[in-house]
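Subject: Structure for you to look at

Hello,

Here is the structure I said I would pass on. My notes on it follow below.

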Number of protein chains: 2
Amino acid sequence: MPGRQSAERLAAEADAGPTWLRSSVAPKLHLTAKSCRAFFEERLAEAGATFAAWTVLAALKLEGPMIQRALAQYLSIEGPTLSRHLESMERRGLVVRRRTDLDRRAATVEIAPDGEEMYNRISSVAISSQQDMLKGLSDREIAQLSTLLDRILENVGPR
Amino acid sequence: MPGRQSAERLAAEADAGPTWLRSSVAPKLHLTAKSCRAFFEERLAEAGATFAAWTVLAALKLEGPMIQRALAQYLSIEGPTLSRHLESMERRGLVVRRRTDLDRRAATVEIAPDGEEMYNRISSVAISSQQDMLKGLSDREIAQLSTLLDRILENVGPR
DNA sequence: GCTAGATAGATAGCAAGCTACCTATCTATG
DNA sequence: CATAGATAGGTAGCTTGCTATCTATCTAGC
């Protein structure tokens, strides 16, 4: 019964008081994600980029031009957060926002030449950072991790 | 060979372009942690508490009074961040900062009566939130997850 | 015993996430 | 066709993380 709820563990934990902070997965997940983010940001900063710029460029490279709403959903951030990022990225010439007559509310975001250049420059940094982060983990372990995270994500809901 | 580096996968990924964003563990880890944090914050908010207050109270309950520096390290946040939290928590009467003559620089943080009250009120919320988050995961799977996160944390370094 | 460097905490200011709300536009319906 | 509601994006302002820097104090070495 692999998916059963573990009554013993949960009861023991409730008895033991605030073991939450020390030994539980929740804070560890939190800390690991925070450290990984910092790790990526540091590496990208050395290459003159930001985390936000990287995710935007990678998304556009992978999916092609998108309107902001779709891009925000894709990146799991809210509209205003993306707006701010795009504002600075457009100022730096990394992307362009193009408004069409088809729907004059929407703005299609595309990679600009300088964005292409930056993408080419930093994609290897992102890839190697990921490799370093997962160093020593086998394919099987990475797949396990991925599955476990999916199941947790399911539990807490796509917010 | 459980700990080997997977040359095939990494090469395939580098070839395939920015699969990073879509299928890799890094963004999933990021999103899962973000969602879990939001999940906890929402539950705690319903009980009139904040995530920061919960972690501070739980740490003090578990470890006893601590000076701010130790508390910040324990919570993996920086001094100024903790200072701000303690400022509002002290205003709300949840904690007290006591300066001793032994080291007049340091401030020992203790739980105040209202903090005790809040802790008792929300600890069950935190425990049940954690249960919900891990619903369907066996002890073995939770232990696996914990180990994998530890190994990643090791790779990206305690920053 | 004095002074240089280390340490605890506070303050200021930046970044990036969020919600609430505004405007402009589109769509669907009477 | 007019208009009510939905939708795209922007603006304002909050929160919580951070770094840099300041003050006060402690400690070690001369």
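Setting aside neighbours within four places in sequence, Met133(B) is in contact with Ala26(A), Leu29(A), Ile152(A), Asn155(A), Val156(A), Cys36(B), Phe39(B) and Phe40(B); contact here means heavy atoms within 4.5 Å. The model is predicted, so local features need pLDDT of at least 70 and side-chain atom pairs count only at pLDDT 80 or more, while totals for chains, interfaces and linings use all residues. Residues are numbered from 1 along each chain as its sequence is written, chains are lettered from A and ligands numbered from 1 in the order in which they are written, and side-chain values use heavy atoms, with hydrogens and water left out.

Met133(B) also belongs to the largest nonpolar core, which has 88 residues. Such a core is a set of buried Ala, Val, Leu, Ile, Met, Phe, Trp, Tyr and Cys residues joined through side-chain atoms within 4.5 Å. Buried means under 20% relative accessible area, exposed means over 50%, and partly exposed is in between (1.4 Å probe, protein chains only). The members that touch the most others are Val56(A), Leu71(A), Met133(A), Val56(B), Leu71(B) and Met133(B). In soluble globular proteins, nonpolar side chains tend to be buried together.

**Chain A as a whole**

Chain A has eight helices and three strands, in the order α-α-α-α-β-α-α-β-β-α-α along the sequence. Helices (H or I, at least four residues) and strands (E, at least two) are DSSP runs, numbered from the N terminus. Of the 159 residues in chain A, 47% are buried. Its accessible surface is about 8,100 Å², with 52% belonging to carbon and sulfur atoms; the areas come from the Shrake-Rupley method with a 1.4 Å probe, and for residues only the protein chains shown count as cover. Among contacts in chain A with a separation of 6 or more, 48% are between residues 24 or more positions apart.

Ala107(A) is in strand E3 (residues 107–111) of chain A and is buried, at 6% relative accessibility. Its C-alpha atom is 10.0 Å from that of Pro65(A), 42 residues away along the chain. Beyond four places in sequence, Ala107(A) has contacts including Met66(A), Ile67(A) and Arg98(A).

**Two helices of chain B**

Helix H4 (residues 51–63) and helix H7 (residues 113–133) of chain B pack at an angle of about 105°, with their axes 10 Å apart. That makes H4(B) roughly perpendicular to H7(B), a label for angles of 65 to 115 degrees; under 35 is roughly parallel, over 145 roughly antiparallel, and the rest oblique. Axes are lines fitted to C-alpha atoms, for helices over the stretch in contact, and angles run from 0 to 180 degrees between N-to-C directions.

One of the H7(B) residues in this contact is Gly115(B). Gly115(B) is buried, at 0% relative accessibility. Apart from neighbours within four places, Gly115(B) is in contact with Leu57(B), Gly93(B) and Leu94(B). Gly115(B) and Val56(B) are 59 residues apart in sequence and 9.9 Å apart in space, C-alpha to C-alpha.

**A serine with positive phi**

Ser76(A) has a positive phi of about 55° although it is not a glycine. Ser76(A) is in the loop between helix H5 (68–75) and helix H6 (79–91) of chain A and is partly exposed, with a relative accessible area of 29%. In chain B, phi of Ser76(B) is likewise positive, near 55°.

Regards
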